[in-house]
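Please keep the sequence and the structure in view while reading.

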Amino acid sequence: VSERQQLSADRAADGGVKYLSAEKRGEEAHFQGSNEQPIVRQAQDVFGALRDLDLLPHVAELDVLGLAVIPPEKVGIDVIAAREAVLDVAERRHGERPDWQGNQDRTSPTPFGAIMFCIGLEHPAFVPVMLNRTIEAIATQQLGANHVLSAFQGVTKPKGGQELDLHLDELYAPSPYAVHNDAINVTIPLTDYTMDNGPLAYVPGSHKLMRRPVGREGYDQRVPVTAKAGSLIIWPRHTWHGAYVGTAPGMRVNIISVFSRPHMRTLEDFGGQVTEDALEAHGPRFRQLMGKNLSYGWRGEGPVLDGSETLIGATPFV
Ligand SMILES: O=C(O)CCC(=O)C(=O)O
């Protein structure tokens with residue numbers, strides 16, 4: 001039972017409001033945000049992590065171009081384990097293991113490929129991917145330390161089918177969009193993205209427009225994104241992007257993950273599906289990513305009134 005659940009249970013039992021002790025607030029400061037973590041130190045910590053991992057040029061790419069490709073040597077994901085895990089889930093869900101290297105006679109079923117939604121908790125090999133420190137450093141700089149995991153999908157894309165139209169990833173919201181990022185897409189190619197296996201396309205600079213493309217706008221300015229397996233391809237969700245049709249045999253295999261600020265409704269329901277055993281096993285960042293440090297969806301007992309949630313978003317990095 002988490003401390004938060006215990007507090008809720010205690011409150012329900014005695015009908016009173018409980019506050020976290022100052023000592024507890026200190027322990028949770030990194031995850032919950034608090035006055036004890038001054039803005040200058042937060043900024044220096046975020047900068048230090050980016051510098052130590054040699055990610056500063058990629059932050060500039062993200063800001064100026066609206067998309068960054070971080071090469072595998074700065075990421076350290078076990079590509080074979082992650083790819084096998086995606087194929088394992090496909091076999092479990094669909095009764096057939098995708099033949100990603102074979103000469104496929106099937107064509108891509110959607111412009112994305114075949115997407116398996118919400119696979120993050122279905123294989124232990126995905127946990128180190130979610131907790132990867134390169135992803136953590138970039139997501140913290142883009143979204144603040146309290147970001148959560150919004151989606152984790154496995155995709156296999158054979159050749160053929162239709163081109164994916166240019167779009168951005170704002171759902172259910174009209175433009176103009178906020179100038180800060182609410183969410184980022186972190187795509188992890190598990191096979192090389194080449195010109196002939198249907199790579200991602202994007203329009204550099206389009207994220208600054210804060211609106212959707214209209215009609216065929218941007219098509220003549222698309223550029224392909226090629227990347228080695230094990231890279232991270234990251235974009236804020238305002239960047240106009242789509243994908244080309246693959247022509248080569250075999251399949252493009254990738255993971256699409258989305259991280260968002262904590263006020264956003266997540267695309268997939270990790271908080272409702274994660275087990276207490278997994279929360280115990282994988283530590284505080286995993287709990288944070290699963291949305292377990294947030295109390296949205298209040299019931300009769302209400303939130304824990306320790307002040308921490310009103311501080312989330314109070315500085316750029318929390
Ligand atoms: O992976 C691709 O080719 C396109 C992905 C995409 O459009 C998305 O994740 O929103």
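Which strands each supply at least two residues of the shell around the ligand? In this predicted model, they are β4 (164-167), β9 (241-243) and β10 (252-260). The ligand takes up the space of the second largest pocket, and β10 gives the most to the lining of that pocket.

**Shell around the ligand**

- The residues around the ligand are Phe 112, Leu 164, His 167, Asp 169, Asn 185, Leu 200, Trp 235, His 241, Ala 243, Arg 252 and Ile 256.
- By class, this shell divides into six nonpolar, three polar and two charged residues.

**Polar contacts and cover**

- The side chain of Arg 252 places an N or O atom 2.9 Å from an oxygen atom of the ligand.
- For His 241, a polar side-chain atom lies 3.0 Å from a ligand oxygen atom.
- Asp 169 has a side-chain N or O atom 3.1 Å from an oxygen atom of the ligand.
- On its own the ligand has 290 Å² of accessible area, and the protein covers 95% of it.

**The second largest pocket**

- This pocket holds about 710 Å³ of space.
- Its lining consists of 34 residues, of which Gln 153, Asp 169, Leu 171, Val 258 and Leu 267 are the closest to the centre of the pocket.
- At least two lining residues come from each of β3 (148-157), β4, β5 (183-189), β9 and β10.
- The contribution of β10 to the lining is five residues.
- The lining is made up of 20 nonpolar, nine polar and five charged residues.

**Backbone geometry in the loops**

- Ser 175 and Pro 176 are joined by a cis peptide bond, with omega near 5 degrees.
- Pro 176 is placed in the loop between β4 and β5, and both of these strands supply at least two residues of the pocket lining.
- Cys 118 is a residue other than glycine with a positive phi, near 50 degrees.
- The loop that contains Cys 118 runs between β2 (114-116) and α6 (127-130).

Conventions
Residues numbered from 1 in each chain as written. Predicted model: local features only at pLDDT ≥ 70, side-chain atom pairs only at ≥ 80, totals over all residues. Heavy atoms only, no water. Near = heavy atom within 4 Å. Polar contact = N/O pair within 3.5 Å; in protein donor to acceptor, adjacent residues only side chain to side chain. Areas by Shrake-Rupley, 256 points an atom, 1.4 Å probe, with all protein chains shown as cover. 1 Å grid on protein atoms, 1.4 Å probe; cavity = no way out; pocket = protein on both sides within 12 Å on 5 of 7 lines; lining within 4 Å. Sits in = over half its atoms within 2 Å of the grid points. Helix = DSSP H or I, 4+ residues; strand = E, 2+ residues; numbered from the N terminus. Nonpolar A, V, L, I, M, F, W, Y, C, P; charged D, E, K, R; others polar. Points joined across faces, edges and corners; volume = space filled by probe spheres on them.
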